[in-house]
Amino acid sequence: MAPMWMSVANRGAGLAVLWIATLLLVRRERDHDALQRSHDLLEANVAERTASLQAANAMLRRAEEHCKEGEAHLRAVLEHSSDIIVEYDADMTVRYASPSVKRILGYEIDEVIGKPALWFVHPEDAPGSAAAFQRRLEDHGLIERREHRLLHRNGEYLWFESVGRHLPEGPVIAGLVVNSREITDRVKAEHALRRSEEMFRLLFEHSPVGIALADPDGRYTLVNPAMCRMLGYESQELSGMSVLDVSHPDDWEQIEERRQRLHRGEVSHVAVERRLLRKSGETIWGHLTAAGIFDEHGKIPHTIGVFED
């Protein structure tokens with residue numbers, strides 16, 4: 001039998017692993033929610049931005065008959081846009097830039113006019129941007145979204161999502177019109193989510209103690225390799241099994257009572273010694289520490305548990 005101080009130390013280690021795993025999982029969920037909100041906002045604007053490009057193109061066609069009136073109308077639309085709208089000649093030279101270029105990228109309009117399009121693009125993104133430009137020139141009906149980095153006047157690169165469309169030959173302009181919206185915050189959220197997921201994955205996969213996630217019904221949704229080795233199951237076998245399926249029947253009442261208290265928010269975590277049943281039928285004793293993971297609505301979509309043999 002292990003000395004008392006060793007048992008206490010093991011429990012402390014298990015609690016520490018639980019809180020670290022919970023912190024990483026909460027951070028991952030938070031980053032995922034932030035990214036989803038950003039995606040939803042962008043998707044809500046895609047149709048609007050595409051319609052704006054189509055409207056601009058239609059105005060340009062009408063401007064062939066009413067050149068001065070059509071151009072003035074188009075300029076009025078572009079100058080009040082919250083995005084950066086740029087017109088390019090067929091040789092990728094900037095012909096027009098909306099006033100928002102100063103607010104978003106810090107340039108005066110005169111600094112932008114006449115510059116080659118790739119002058120602003122990050123060197124790593126330039127080949128793809130040039131290829132996309134050429135595709136739009138060749139396919140007049142193509143409307144393509146692209147993410148790339150543009151150079152701010154202060155030397156910093158910001159991320160943008162750009163939607164461009166070919167403009168027909170005519171008295172107003174021939175080339176492309178591109179609508180660009182800054183998405184730096186969204187890209188940062190994506191990077192933060194990837195970091196959170198990687199940190200959680202490393203802890204989850206390489207932890208020497210068993211870690212498992214369960215849904216509100218107490219069924220395993222994710223089990224780490226240590227837990228699989230401890231119970232003698234493959235991960236796909238445990239997925240979908242109930243916590244009670246691998247617990248000693250004499251502990252079922254206690255397990256359910258504490259699980260309900262956790263989901264009702266009466267306790268922040270539970271720590272208990274309990275028996276688990278291995279696939280072979282062997283009973284093993286261990287110490288379980290479990291906590292609920294709350295979502296933005298205050299509900300617990302899953303719990304996380306750390307089990308030490």
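**Figure 1. Confidence across the predicted chain.** The protein chain has a mean pLDDT of 79, and 72% of its residues reach 70 or more. Over residues 1–13 the pLDDT is below 50. Beyond near neighbours in sequence, this stretch has four contacts in the model. Here pLDDT is the predictor's confidence in each residue, from 0 to 100, and a contact means heavy atoms within 4.5 Å. Where pLDDT is low, the predicted coordinates should not be read in detail. This is a predicted model, so local features need pLDDT of at least 70 and side-chain atom pairs count only at pLDDT 80 or more, while totals for chains, interfaces and linings use all residues. Residues are numbered from 1 along each chain as its sequence is written, and side-chain values use heavy atoms, with hydrogens and water left out.

**Figure 2. The salt bridge of E144 and R135.** The structure holds 18 salt bridges. The term means a side-chain nitrogen of Lys or Arg within 4 Å of a carboxyl oxygen of Asp or Glu. In this view the E144 and R135 side chains meet, at 2.6 Å from N to O. E144 is buried, at 16% relative accessibility. R135 is partly exposed, at 37%. Buried means under 20% relative accessible area, exposed over 50%, and partly exposed in between (1.4 Å probe, protein chains only).

**Figure 3. A salt bridge between R145 and E161.** The N to O distance is 3.3 Å for the side chains of R145 and E161. R145 lies in strand β3 (residues 144–151) and E161 in strand β4 (residues 157–167), so the pair ties together parts that are 16 residues apart in sequence. Helices (H or I, at least four residues) and strands (E, at least two) are DSSP runs, numbered from the N terminus. E161 is buried, with a relative accessibility of 4%. R145 is partly exposed, at 41%.

Figure 4. E266 pairs with R261, and their closest N and O atoms are 3.3 Å apart. Both partners count as partly exposed: E266 at 45% relative accessibility, R261 at 30%. Elsewhere, a network of salt bridges links E124, D125 and R149.

**Figure 5. An open sheet of five strands.** The strand order is β7-β6-β10-β9-β8, and the pairing is antiparallel. β7 (220–223) and β8 (269–277) stand at the edges with a single partner strand each, so one side of each has no neighbour in the sheet. From one strand to the next, the twist averages 30 degrees. β8 pairs with strand β9 (residues 283–293) in the antiparallel sense over nine bridges. Two strands pair if DSSP finds at least two bridges between them. V272 has L288 in β9 as its bridge partner.

**Figure 6. Helices lying across the strands.** Helix α6 (residues 184–206) lies across β6 (210–214), β7 and β10 (302–308). Its angle to β6 is about 125 degrees. Helix α9 (residues 252–263) lies across β8, β9 and β10, at about 150 degrees to β8. Axes are lines fitted to C-alpha atoms, for helices over the stretch in contact, and angles run from 0 to 180 degrees between N-to-C directions.

**Figure 7. The surroundings of S242.** S242 lies in the loop between α8 (235–238) and α9. S242 is buried, with a relative accessible area of 11%. A polar atom of the S242 side chain lies 3.1 Å from the backbone nitrogen of L244. Leaving aside neighbours within four places in sequence, S242 is in contact with G218, R219 and Y220.

Key:
A polar contact is a pair of N or O atoms within 3.5 Å; within protein, one must be able to donate a hydrogen and the other to accept it, and residues adjacent in sequence count only if both atoms are side-chain atoms.
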